[in-house]
Amino acid sequence: MSDRNTLCESFLSQTPYANWQRGPLAGDASNRRYERLTSAEGQTVVLMDAPPEKGEDIRPFVRIADYLRAQGLSAPEILAQDPENGFLLLEDLGDDLYARIIEREPVLERELYEAATDALVALHQAPMPELESYGPRLMAEMAGLAFSKYRAGILGEGDADLQARFENQFEDILRETVKGDPVLVQRDYHAENLLWLPDRDGVARVGLLDFQDARAGHPAYDLVSLLQDARRDVPAGIEMQMISRYITAAGADESGFRTAYTVLGVQRNLRILGVFARLSLDYGKPHYVDLIPRVWDHFFRGLDHSALAPVAGLLRDSLPAPTPENLDRLRP
């Protein structure tokens, strides 16, 4: 038995779930691993294995989960924890991911997106916890991954001066357009991370899974994450309807919000281009390359907005399109 399994067995032995049957659950892009534990009576809980030696830290997850639950939102209840060794036992919210529900019952698509939008409205009206800022400089640097990972991966070399010029110009755009009181942004709020819990009421019908990297940012950020999904095509009509729904429910300034939404869409999708290229080239996960054309389409569409004019030409000229040949260069 490996040292990690020994630590896990020791953790479980101190909980009421020590003798429950263990089975694997699908993981994510991180170093975290998940298992479902099942009792003889069929009750279930979820084990999170987040190795600290691989840079994982369960404490932010616990803190944000407790905060979200206090606001009436459906983050998993924390049943047991071992922060030193990186183990958590969580309430099992089930397997009904938005993406799977919509595949099986497409008639529910609009209802699910309405509920997810309403959950953001409720969250953004709650008192803010103390969080690090996801501000213009950091966002510009994260968007720069499109140069250091995606562009360099295709062309075989980086261009530090070009990347710095873009980041500085983009930071100015972000400072000008992404304004207002910050809210908690979960940063990966999309159909593969949301669960449908129809037996609950109101915004509690939306199960939340991935929020440990939460920061203080603009209210439009998680709406972009939801509606410009890297993993599935959200109908354009639903995207427009949900933006309007959010603006009306939150009482947001329409022009400013729509501009911020577009600019943040470009920022987020540039970052994802770089992250997916890095996951393939540096971590041997080439399946993320298959998602790049959708991400590119989201990014490229946003460049038509006048707020992006100072960098639109540079981006169009500098970033290679995701042709089949270019995508092959991103596969190890």
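**Sheet, charges and rings in a predicted model**

Biologist: Which residue stands opposite T38 in strand 3?

Modeller: T38 stands opposite T44 there. The two belong to strand 2 (residues 33-38) and strand 3 (residues 44-49), which pair in the antiparallel sense over 6 bridges. Two strands are said to pair if DSSP finds at least two bridges between them, and the numbering from the N terminus follows DSSP runs, with helices as H or I of at least four residues and strands as E of at least two.

Biologist: How many residues of strand 5 are buried?

Modeller: In strand 5, 5 of its 5 residues are buried, where buried means under 20% relative accessible area, exposed means over 50%, and partly exposed lies in between (1.4 Å probe, protein chains only). Strand 5 pairs with strand 3 over 5 bridges in the antiparallel sense, with D49 opposite F87. On the strand 4 side, 4 bridges join the two antiparallel strands, and A80 has L89 as its bridge partner. Their hairpin has 4 residues between the strands, and in it G86 takes a positive phi near 85°.

Biologist: New topic: how many salt bridges does the structure hold?

Modeller: It holds 34 salt bridges, each being a side-chain nitrogen of Lys or Arg within 4 Å of a carboxyl oxygen of Asp or Glu. One of them joins the side chains of R33 and D49 (2.9 Å, N to O). That pair links distant parts of the chain, R33 being in strand 2 and D49 in strand 3, 16 residues apart.

Biologist: Is D49 buried or exposed?

Modeller: D49 counts as buried because its relative accessibility is 3%, whereas R33, at 32%, counts as partly exposed.

Biologist: What about E141 and R137, where do they lie?

Modeller: Their side chains meet in a salt bridge (3.2 Å, N to O), and both residues lie in helix 5 (residues 136-143), 4 residues apart, about one turn of the helix. Elsewhere, salt bridges that share partners join R4, E9, R22, R33, E35 and D49 into one network.

Biologist: Now rings: how many aromatic pairs does the structure hold?

Modeller: There are 14 aromatic pairs. F166 and F170 form a stacked one, 5.2 Å centre to centre with 20° between the planes. Rings of Phe, Tyr and Trp (its six-membered ring) pair if their centres lie within 6.5 Å, and planes under 30 degrees apart count as stacked, over 60 as edge-to-face and the rest as tilted. Both residues lie in helix 7 (residues 160-177), 4 residues apart.

Biologist: And why is the pair of W296 and F299 edge-to-face?

Modeller: The W296 and F299 pair is edge-to-face because the ring planes are at 70°, with the centres 5.1 Å apart. Both W296 and F299 are buried, and ring pairs link Y150, W296, F299 and F300 into a cluster.

Biologist: Which ring does the charged end of R316 sit over?

Modeller: The charged end of R316 sits over the ring of F300, 5.8 Å from its centre, the criterion being NZ of Lys or CZ of Arg within 6 Å of the ring centre and within 35 degrees of the ring normal. Likewise, the charged end of R187 sits over the ring of Y134, 4.5 Å from its centre.

Definitions and conventions: Residues are numbered from 1 along each chain as its sequence is written. This is a predicted model: local features need pLDDT of at least 70, side-chain atom pairs count only at pLDDT 80 or more; totals for chains, interfaces and linings use all residues. Side-chain values use heavy atoms; hydrogens and water are left out.
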